[in-house]
Amino acid sequence: MPKSPPNQNETPVLTRSRWSMLGSALGPFLALALVIILFGFADGLQEGGGNFLSLRNMRSISVQTATVAVAALGMTIIVIAGGIDLSAGTSLALCATVLAWCLKEDAALLIVHGDNVAGIQQKIDDAQERLDRIPNEIQRAQRRKNADPGKIALLEAEQKSLQEQLPKLQETSKTIQEAAPNISPYTPALAVIAGIGTGCLAGLLNGILVSYLRVVPFIVTLGTMRLYLGMAKEVADETTVRPDLNDQIPHWLGSFLSLQQDARWLGFPLGVWLIFVLAIILAAVLRYTVFGRYVFALGSNESTARLCGINVERNKIALYGLAGLFFGIAGLYQFSLLSVGNPTSGIGLELNVIAAVVIGGGSLSGGRGSVVGTLTGAAIMAVITSGCTQLGLKNPVQDMILGAIIVAAVAIDQIRQRRLAA
């Protein structure tokens with residue numbers, strides 16, 4: 001039976017689609033190369049320039065973009081699925097704050113003995129100080145014309161109670177101090193688990209609210225953004241949590257993003273190399289697993305995915321939880337960079353995270369995005385920031401340039417979608 005002649009309209013459509021996919025894949029790389037060349041050329045022209053393309057500056061750029069890059073990997077999953085997460089910045093700040101609090105409060109010792117060395121010592125000091133003040137208060141009460149026997153009796157009872165409690169507190173302090181060398185070394189690992197686990201729980205909460213409230217992710221995560229900010233402030237007691245740099249922060253965590261020579265491996269900090277490991281794992285999950293196919297299906301057409309038998313609610317919870325894992329790791333990066341837990345340090349960071357995904361070719365309409373593109377987008381933003389700094393451009397100029405690039409990236413995405421639909 002003779003083959004039917006090919007449809008003359010199919011070839012142009014397929015060719016246009018392939019060129020569009022190729023442009024989508026290579027676009028971020030070409031943009032990054034162009035930005036590097038432009039800033040390198042401009043820096044070379046100025047007096048005393050030539051530092052922009054140095055290896056030292058490349059290391060600095062990689063460290064500056066590390067936190068955003070890791071968080072953007074998590075955001076990539078959400079954007080591909082057609083969602084958005086405005087709580088990314090405050091949730092990673094919450095994770096960093098929880099990590100810092102666990103280190104400062106010696107969480108392992110706190111769990112085992114219900115207190116830590118500093119806490120029990122503070123209780124002893126407070127009890128002793130109060131005990132020293134009570135005799136004077138009793139004497140003043142007795143010298144008054146209308147002395148109140150009831151008040152004097154209460155003060156004497158409090159004095160007796162403190163005299164009985166003080167030896168017990170001192171004994172407890174001795175026990176805790178003896179146990180600390182054996183238990184405290186587990187605190188850093190526990191703190192890291194708590195910080196990353198907080199990110200996972202925050203992501204799961206977002207997923208549950210988006211799935212079962214049937215409210216658009218923009219509104220849900222706008223609310224949880226404030227929720228996580230408030231939780232971080234509560235954990236930090238409305239201040240910045242500052243673990244002791246020498247005694248409470250382990251060397252490996254403090255040097256995770258350090259540019260010092262002894263902290264670098266193959267020229268870059270260990271934290272930078274971990275980003276590539278995480279990126280490879282995520283790319284493999286999205287490309288080779290059923291879950292990855294479901295993520296793209298949800299972003300392409302959620303109604304069709306539901307008709308195909310995909311459990312939309314369960315997969316949304318899973319993908320938001322996975323994104324929360326990356327936000328938790330980003331919180332670890334932020335703490336390593338700052339060495340403190342600042343509840344407000346994540347405000348506005350979600351915009352950079354989303355921008356990295358969009359500049360890297362991700363579509364806010366869902367169904368498209370890539371791990372490589374996201375990392376390239378984060379690198380473009382960091383290179384522009386560094387280049388503007390090298391050229392002495394003011395911060396408002398940097399913001400305007402990045403804003404223009406984001407608008408251009410969204411516009412290009414919309415044009416691409418209209419062409420594919422035509």
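Mentor: A residue counts as exposed when its relative accessible area is over 50%, and as buried when that area is under 20%. The model is predicted, and every value below is computed from it.

Let us begin at the end of helix H8. Arg214 lies in the loop that joins H8 to helix H9 (217–235). Its relative accessibility is 61%, so Arg214 is classed as exposed. Beyond residues up to four places away in sequence, Arg214 touches Leu209, Arg306 and Glu313. Thr90, by comparison, is 124 residues from Arg214 in sequence, and their C-alpha atoms are 23 Å apart.

Within H8 itself, which spans residues 187–213, we find Thr198. With a relative accessibility of 15%, Thr198 is buried. Apart from neighbours within four places in sequence, Thr198 is in contact with Leu94, Cys95 and Val98.

Cys95 is buried, at a relative accessible area of 1%. The closest cysteine sulfur to that of Cys95 belongs to Cys200 and is 8.1 Å away, which is too far for a bond, because a disulfide requires the two sulfur atoms to be within 2.5 Å. Cys388 is buried as well, with a relative accessible area of 0%. A search of the whole structure returns zero disulfides.

We turn next to helix packing. Helix H12 (residues 290–300) and helix H14 (residues 312–338) have axes that come within 11 Å and cross at roughly 105°; the two helices are therefore roughly perpendicular to each other. On the H12 side, the contact involves Phe291, Tyr294 and Leu298, which meet Val312, Asn315, Lys316, Ala318, Leu319 and Leu322 of H14. By class, these residues are seven nonpolar, one polar and one charged.

A second pair is formed by helix H15 (residues 349–359) and helix H16 (residues 371–390), whose axes come within 7 Å and cross at roughly 120°. The crossing of H15 past H16 is right-handed. H15 contributes Asn352, Ala355, Ala356, Val357 and Ile359 to the contact, while H16 contributes Gly373, Thr374, Gly377, Ala378, Ile380 and Met381. This contact comprises seven nonpolar and four polar residues, with no charged ones.

Note on methods:
Residues numbered from 1 in each chain as written. Predicted model: local features only at pLDDT ≥ 70, side-chain atom pairs only at ≥ 80, totals over all residues. Heavy atoms only, no water. Buried < 20%, exposed > 50% of the residue type's maximum accessible area, 1.4 Å probe, protein only. Axes fitted to C-alpha atoms, helices over the stretch in contact; angles between N-to-C directions. Helix = DSSP H or I, 4+ residues; strand = E, 2+ residues; numbered from the N terminus. Left-handed = near helix turned anticlockwise from the far one by under 90°. Contact = heavy atoms within 4.5 Å. Nonpolar A, V, L, I, M, F, W, Y, C, P; charged D, E, K, R; others polar. Parallel < 35°, antiparallel > 145°, perpendicular 65-115°, else oblique.
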